[in-house]
Amino acid sequence: MVPGEENQLVPKEAPLDHTSDKSLLDANFEPGKKNFLHLTDKDGEQPQILLEDSSAGEDSVHDRFIGPLPREGSGGSTSDYVSQSYSYSSILNKSETGYVGLVNQAMTCYLNSLLQTLFMTPEFRNALYKWEFEESEEDPVTSIPYQLQRLFVLLQTSKKRAIETTDVTRSFGWDSSEAWQQHDVQELCRVMFDALEQKWKQTEQADLINELYQGKLKDYVRCLECGYEGWRIDTYLDIPLVIRPYGSSQAFASVVCTFHLTACLKRFDFDYTTMHRIKLNDRMTFPEELDMSTFIDVEDEKSPQTESCTDSGAENEGSCHSDQMSNDFSNDDGVDEGICLETNSGTEKISKSGLEKNSLIYELFSVMVHSGSAAGGHYYACIKSFSDEQWYSFNDQHVSRITQEDIKKTHGGSSGSRGYYSSAFASSTNAYMLIYRLKDPARNAKFLEVDEYPEHIKNLVQKERELEEQEKRQREIERNTCKIKLFCLHPTKQVMMENKLEVHKDKTLKEAVEMAYKMMDLEEVIPLDCCRLVKYDEFHDYLERSYEGEEDTPMGLLLGGVKSTYMFDLLLETRKPDQVFQSYKPGEVMVKVHVVDLKAESVAAPITVRAYLNQTVTEFKQLISKAIHLPAETMRIVLERCYNDLRLLSVSSKTLKAEGFFRSNKVFVESSETLDYQMAFADSHLWKLLDRHANTIRLFVLLPEQSPVSYSKRTAYQKAGGDSGNVDDDCERVKGPVGSLKSVEAILEESTEKLKSLSLQQQQDGDNGDSSKSTETSDFENIESPLNERDSSASVDNRELEQHIQTSDPENFQSEERSDSDVNNDRSTSSVDSDILSSSHSSDTLCNADNAQIPLANGLDSHSITSSRRTKANEGKKETWDTAEEDSGTDSEYDESGKSRGEMQYMYFKAEPYAADEGSGEGHKWLMVHVDKRITLAAFKQHLEPFVGVLSSHFKVFRVYASNQEFESVRLNETLSSFSDDNKITIRLGRALKKGEYRVKVYQLLVNEQEPCKFLLDAVFAKGMTVRQSKEELIPQLREQCGLELSIDRFRLRKKTWKNPGTVFLDYHIYEEDINISSNWEVFLEVLDGVEKMKSMSQLAVLSRRWKPSEMKLDPFQEVVLESSSVDELREKLSEISGIPLDDIEFAKGRGTFPCDISVLDIHQDLDWNPKVSTLNVWPLYICDDGAVIFYRDKTEELMELTDEQRNELMKKESSRLQKTGHRVTYSPRKEKALKIYLDGAPNKDLTQD
């Protein structure tokens, strides 16, 4: 143990002599400071915890806890039963007991308990070692005995604390899912023994399991009156012992014992009251030594047909519940988990004391303990070592010493007397499986010593040791490897690459540079000597320091040691061959300098300079002047601190720290002789240019394939009576009000000039708005605009264009009062609408989901709008989320006067054709748009009108997300602040929502089809519209898009809830008054066979279906319209349509989702037939709305009798039918997976087992 000092890069270490009498001060410990101790190996031996004295241990051992241990790393947990402190490298190094644990894969504690028991059985381990694996005959991966051999060798020789069992389970044919299945340890024991017997056929170990574990018992039935006894001889591998005997507790009379006696306590039972499995936690004592001589029958085995016993003879028989092993029912009359217990206090004790028998003493050496309930729990084993006669707890990877007192705690039961309910308070940790070994010096084996190993085991030990040493070396390398993020700006692609550099702490900086150079694949791009590693802060994009002259320094020293995480990163910096690396010193700040050209209205790419925080602004100007060769006298420096917070550095004597400089900074520099230099910064051309630069984003807009030709109203950009042509024509010219054609470039130029002029005028008035800063890495570094000398004619034409856009279609502005024909024409939807993704979660909804207040053009923010909605909801008004009225924060794209809302605030907008990548689709055109993100969606759409070819009210904007997901943007008054550079937008033709409009999905209801719900189209319904008006609008759309020719009186609309049909909408119902309508609404369209029968809301429409038990089939659905909720009326209607006498009608309500499918094998008995109610709207029916499913039958009709063959065939058909419709055949609880061991290691080949 050596002390180290905190503040030194390389701590001084001086070994401490534990035998020295020096004080801590004399041993170089510093008072008042942190002193570090480094625990190291001494002479190659790893430190161990000093065990307690045996005398002290005996006094305190009875207080130790025996049971499942807390996981390592949990607060206050202990690593074992002996000490509350961890041993050195407790995860990697063997326990101080000398035994190795087993890692729990997930729920394999039952397997670990059995494996440790077999390992601690000398006879089994020695026999397993004697078996030799022939690799030429079998694959070692699937050989169960070989993998057990390897596991036992590792348990005996490994230096680890615990080892894995995955190789063993892989030999069982298990995959990783089996690790999550907990099984019974007794079941595993039997299955594994069967597998070993199969593997050991025709070997010396062929009869090993039988020799060690198989015994015989005499199972009999004895008459209590005459004493007649019938019996038979059975073989066993384990003896089940009843915890709670029902009736007689005597199950067998005599036992022919084996060498190892395995007893399984039957703690798991089934409660027929609750129909659940339960665990019996009753107290069950068992001795450390068991004398089996009283249970041995030395008489010759005779036939039960010829042997009879007298009463006296029967009374002398032995009992399994002797004084040696009992469940103490006299002291604990408990009831566990609802089981009633009636014990026979007069249990006869039978013994054959008159017969002389050899003494058969068995000693207990393994107790497998279960902690938990019947639903699940944890297994661990308490095992006595035959080497030192000491008990140990093998709890997965934890191995610790325990005593006999700890074994007694596994007897179960409660502490103290609680009377009748004592078992309810019993501990759930108790013994489940007991293994005894016969005490016979002639047969009791000792564990083989190393020199006694067979040659193949010696070779296996050597092989495993080499593998373990190799793993240890690899762990040592991992422990001394520095892992840190590595970045590199590719010198030609100019893309920031990221990787993880893993370098040994003893590797030098020069070697690390070479590793990073190869990792980033720069061999063919740049020479190695043009690269270096520097300390880098990726979050702030800050180069902290360079490492000049430290090429031979180990990386462990440069990085401050090996750590799990670092507070900094590394950057592989590159240079051109004719350049020199700049020195980065600690304490410097990095400044990215953008040069601004006011005449060209451009912002150049950044140049990096480094400065100190204590430098003044004057000194900083001189520094920049040298770097960019601009005069310092007229230089203006603007610091962008965060989110477009522009600050002019005007006080020359101020330091950079006082001005707000930090690690990484961004400044704009301008040095010219213009008058703008004399203006106030907020009014200057420089401020306006920087403000525009910070808020301008680049978007890629995909235009629709062609302009619409089926609209009832042509837009101003289409020739009267003609087609608008393709997109090429739209992009090349736009038809003005006087018929003149203008090129796209002219329109762009004019729009840009006008927008610039109005934007500058508005900004001078101080209405600049607040918005988030665009990202620093924006590709839009150069903004071009027309020169000040503008053509007056172009301005006039542009004004005419703007005026024409606003007034060409005045009917669209009168959204409140329109005739039915106008409504129908105005709401006609293009066929393009059917494939549009309509969602309540628009792009704006997703991006503004947080509580941040986003400024809107009308002066409100998103928080105030949300609050107003909640207020309305509290007043009992309906919430309408995706309507144009409320979601957009405006009534429509226009205000009441018909003036475009986009005209109120002009922002920068520039568009130009863009050549997209291949695969974007023929006929589609792309625009690259540079736009101020403070512009509203309404204004943005109006700017796109010339390129789309229709008014903004006739096309929709979809934002494209990852994986090409598209969501419609409908909030017209919200800005584009949620968009960022290079976002993609898709324009689709179709009606955009206006005030009080809702987008509705229409599905067809097909009650007698296999799939009763079929999507038809998207439609637009409006507030105040009647159901009949919406049906009139749907008719032409159904004809054009779905090929359905329907008359208005031959179909109905009804509510849709998931797949269930609901309320029938009557023609005179008004949306938002009689019918609640909401965003992303869905309705059913149902085609009628005749005239509509529903005339009033007081009527009730139910769907009836007749069940014919004599034919084992269901008839099609028939609708029944009731005038009331009377059950009698329902019976009358059902009798009327079926011809069944009224008194013979029985009905039941369907269960689940429409169409309430149920198997014909179950319907006759599973449904609640003929409920005793008088009305339909009470329990258990609760039929209060249209669309309920009613099954009915004739009670006099007999159920068809089926043969087994017919039943099986019908079951297959029903199963196939119900699976296709997505309905379950019958309820089936989760079945436990059977425990299997696959001898060939391939579970998929064993198709006959379930």
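1. Between which two strands is the loop that holds Q494 found? Q494 sits in the loop between β18 (481-489) and β19 (496-504). Its phi is near 55°, a positive value in a residue other than glycine. Look at this spot on the structure above, and keep in mind that the model is predicted.

2. Confidence comes next. The protein averages a pLDDT of 74. Of the residues, 68% score at least 70. Residues 707-748 fall below 50 in pLDDT. That stretch still has 80 contacts in the model beyond near neighbours in sequence. Residues 1245-1250 are also below 50. Five contacts beyond near neighbours in sequence are found for residues 1245-1250.

3. Helix α4 with helix α10. The axes of α4 (residues 144-157) and α10 (residues 455-479) come within 10 Å. They cross at roughly 65°. The two helices are therefore roughly perpendicular to each other. The crossing is right-handed. On the α4 side the contact is made by Y146, Q149, R150, V153, L154 and T157. On the α10 side it is made by H456, I457, L460, V461, K463, E464 and E468. By class, the contact has six nonpolar, three polar and four charged residues.

4. Helix α4 with helix α2. Helix α2 (residues 109-119) packs against α4 at an angle of about 75°. The axes are 11 Å apart. That makes α2 roughly perpendicular to α4. From α2, L115, Q116, L118 and F119 take part. They meet L148, L151, F152, L155 and Q156 of α4. This contact counts seven nonpolar and two polar residues, with no charged ones.

5. Helix α4 with helix α3. The axes of α3 (residues 122-130) and α4 come within 10 Å and cross at roughly 120°. That makes α3 oblique to α4. The crossing is left-handed. F124, R125, L128 and Y129 of α3 meet P145, L148, Q149, F152, V153 and Q156 of α4. Seven nonpolar, two polar and one charged residues make up this contact.

6. A six-stranded sheet. This open sheet has the order β32-β33-β29-β36-β34-β35, with mixed pairing. The edge strands are β32 (909-914) and β35 (966-969), each pairing on one side only. The twist averages 30° from one strand to the next. Inside the sheet, β29 (residues 696-702) and β36 (residues 983-989) run parallel, joined by four bridges. L702 stands opposite T986 in β36.

7. Helix α15 (residues 685-695) lies across β29 and β33 (926-932). It runs at about 45° to β29. Helix α22 (residues 937-948) also packs on the sheet. Helix α22 touches β29, β32, β33, β34 (955-960), β35 and β36. Its direction makes about 110° with that of β34.

8. A five-stranded sheet. The order here is β38-β37-β41-β39-β40, again an open sheet with mixed pairing. The twist averages 40° from one strand to the next. Strand β39 (residues 1051-1057) pairs with β40 in the antiparallel sense over four bridges. T1057 has N1060 in β40 as its bridge partner.

9. Two cis bonds to check. The peptide bond from F1154 to P1155 is cis, with omega near 10°. P1155 is placed in the loop between β45 (1145-1149) and α25 (1163-1166). W1179 and P1180 are also joined by a cis peptide bond, with omega about 10°. P1180 lies in the loop between α25 and β46 (1189-1194).

Conventions:
Residues are numbered from 1 along each chain as its sequence is written. This is a predicted model: local features need pLDDT of at least 70, side-chain atom pairs count only at pLDDT 80 or more; totals for chains, interfaces and linings use all residues. Side-chain values use heavy atoms; hydrogens and water are left out. Axes are lines fitted to C-alpha atoms, for helices over the stretch in contact, and angles run from 0 to 180 degrees between N-to-C directions. Angles under 35 degrees count as roughly parallel, over 145 as roughly antiparallel, 65 to 115 as roughly perpendicular and the rest as oblique. A crossing is left-handed if the near helix is turned anticlockwise from the far one by less than a right angle, and right-handed if clockwise. Contact means heavy atoms within 4.5 Å. Ala, Val, Leu, Ile, Met, Phe, Trp, Tyr, Cys and Pro count as nonpolar, Asp, Glu, Lys and Arg as charged, and the others, Gly among them, as polar. pLDDT is the predictor's confidence in each residue, from 0 to 100. Two strands pair if DSSP finds at least two bridges between them.
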